[in-house]
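Dear colleague,

Please find below the structure that I am handing over to you. A summary of the findings follows it.

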Amino acid sequence: MTNDLVLPNVKKGQELELTVESLAFGGQGVAKINDFVIFIDHAVPGQQLTVRIVKKRKSYAVARILDVIQQSDDYVEPICSHFLDCGGCVTQHYQYAEQIKTKTEQVKDIITRLGGFSGFEFSPTLPSVNTFYYRNKMEFSFARQRWITQKEIESGEPLDKEGYFLGMHARGFYEKVIDLKECHLAEPVIAQILSKVRSIAASSIYPAYSTQDHTGFWRFLVIRKSANTDDLMVNIVASKYDKEIAELLKTELLKQFPQITSLLFSTTKSKASVAFSEAEYVLHGKPVIYEKLGNYIFEISGNSFFQTNTKQAEKLYDVVLDYAEFKGNETVYDLYCGAGTISLYMSNYVNKVVGFEAIESAVQNAEKNAALNQVKNCEFVLGDLKNQIEETDEITSRYGKPDVLIIDPPRAGMHPKTVQAIKRLAPQRIVHVSCNPTTLARDIKELAEDGYKLLKLQPVDMFPHTAHVEVVALLVKE
């Protein structure tokens, strides 16, 4: 039977009995009626379900679970009370070994199907050292409205929809947050600090920020907990500085959490829903915390990017080293170098590393980290990569032509200008680290058109119980 015959029989509001066959990239369960795909939130392979169609499109539909007819052997009872609403741990209810198999299959499918690659060496996903309490950073948002769960709606009880709420954004609703009470991705002290900050905010005269009219005081709470030191940073981000509020936060938080080593009050005027501050006030301790990776120690500021799974980052960087196959005399360019973690991790194996980064505070962190570790062969360049690296002749005359290029771009992948500049630099080897297999496939496909061959691919699970996966790819100039 063709799709044309099936499509009219699938309608919004319709109830169906389906068996979940697989997980889509993103974490939704996938069931099919012939070749017509139905995505089901919170479903795992092997479940037989009664579902209701909530969205119908020409080539697919989205359904909600009404009842579990037969449970999957790979189902695990989720440990978090926010599981059905948060959208972070979308696979917390799926056996971890099966999560690893699924991520392996998904990455290979994306690279072969979207990238058009074949014949490369592909290794199964490296599992995480820790599957819970692995995140060293959590970013929470304030809101005046909270997400109301389906269970609460069905209860018919009066609900506090307006007020001071602090937690994770509900998927697709930036004006609403899940008023978080627990999170098993980070150490329990982080949820405890969140609860205290929420109560301090609620007792203040200032309202929470609204993404609808962009007014309000309380914006974000960012907490960083070092995995290999005792450092703990709490950064409250608001729309303006208030000395009285700052003193209250300092008194109340340090009284309950004396282990805080860095307490910051930061401000931002940006309308973006990103906790990146423009001004920073140190209320207690130092403006930075320290973390160890391998033999190196790193200084991390409030705005710094640092791999959120410290223990697994060492595995990731060891793959980078393995793929790079350094002989000791190479000049290496590290694009999107952040606080210099990969640059320093590689520094003992090469002649010179030049890191490129667009965020000034990250470059300052990288330079301090090099000095902190007494590394002399790393240099860091500040500039918007798509413009800075485009000056290829000037760059190579100043720093030398790169033998190996390390790339670790944001989720959106590389800017087209950066890809073109890499082609002009023409390094012999490229090690591409990516947190998004889809943009990785796009970027390396572009490089392959200029004579680069994909030799190896290694997924690394940095984010257990989520749909995300890190991937390391090795490309060599033919």
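In helix α5, the buried residues are V189, I190, A191, I193, L194, K196, V197, R198, I200 and A201. Please note that the model is a predicted one. Helix α5 covers residues 188-202, and its 15 residues should span 21 Å at 1.5 Å a residue; the end C-alpha atoms are 22 Å apart, which agrees.

Salt bridges were examined next, and the structure holds 16 of them. In helix α3 (residues 96-113), R113 and D109 are four residues apart and therefore separated by about one helical turn. Their side chains meet in a salt bridge of 2.9 Å, N to O. R113 counts as exposed because its relative accessibility is 54%, while D109, with a relative accessible area of 34%, is partly exposed.

Helix α6 (residues 243-256) holds K255 and E252, three residues apart, so that about one helical turn separates them. The salt bridge between these two side chains is 3.7 Å, N to O. K255 is exposed, with a relative accessible area of 62%, whereas E252 counts as buried at 19% relative accessibility, because buried means under 20%.

In helix α11 (residues 392-399), R398 and E394 lie four residues apart, about one turn of the helix. A salt bridge joins their side chains at 3.1 Å, N to O. R398 counts as exposed at 51% relative accessibility, and E394 is partly exposed with a relative accessible area of 41%.

I turn now to the aromatic residues. A search of the whole structure finds 14 aromatic pairs. One of them is formed by Y296 and Y345; this pair is tilted, with 6.4 Å from centre to centre and 50 degrees between the planes. The pair links distant parts of the chain, as Y296 is in strand β16 (residues 296-301) and Y345 is in helix α8 (residues 341-347), 49 residues apart. Both Y296 and Y345 are buried.

One aromatic cluster is formed by F142, Y206, F217, W218, Y241, F265 and Y281.

Finally, V274, F276 and I359 make a nonpolar surface patch of about 240 Å². Of these residues, I359 lies in the loop between β18 (352-357) and α9 (360-372), and I359 is partly exposed, with a relative accessible area of 34%.

Yours sincerely

How values were computed
Residues numbered from 1 in each chain as written. Predicted model: local features only at pLDDT ≥ 70, side-chain atom pairs only at ≥ 80, totals over all residues. Heavy atoms only, no water. Patch = residues over 30% accessible without salt bridge, like charges linked within 9 Å, V, L, I, M, F, W, Y side chains within 5 Å. Areas by Shrake-Rupley, 256 points an atom, 1.4 Å probe, with all protein chains shown as cover. Salt bridge = Lys/Arg side-chain N within 4 Å of Asp/Glu carboxyl O. Helix = DSSP H or I, 4+ residues; strand = E, 2+ residues; numbered from the N terminus. Buried < 20%, exposed > 50% of the residue type's maximum accessible area, 1.4 Å probe, protein only. Phe/Tyr/Trp six-rings, centres within 6.5 Å; stacked < 30°, edge-to-face > 60°. Expected span 1.5 Å × (residues − 1).
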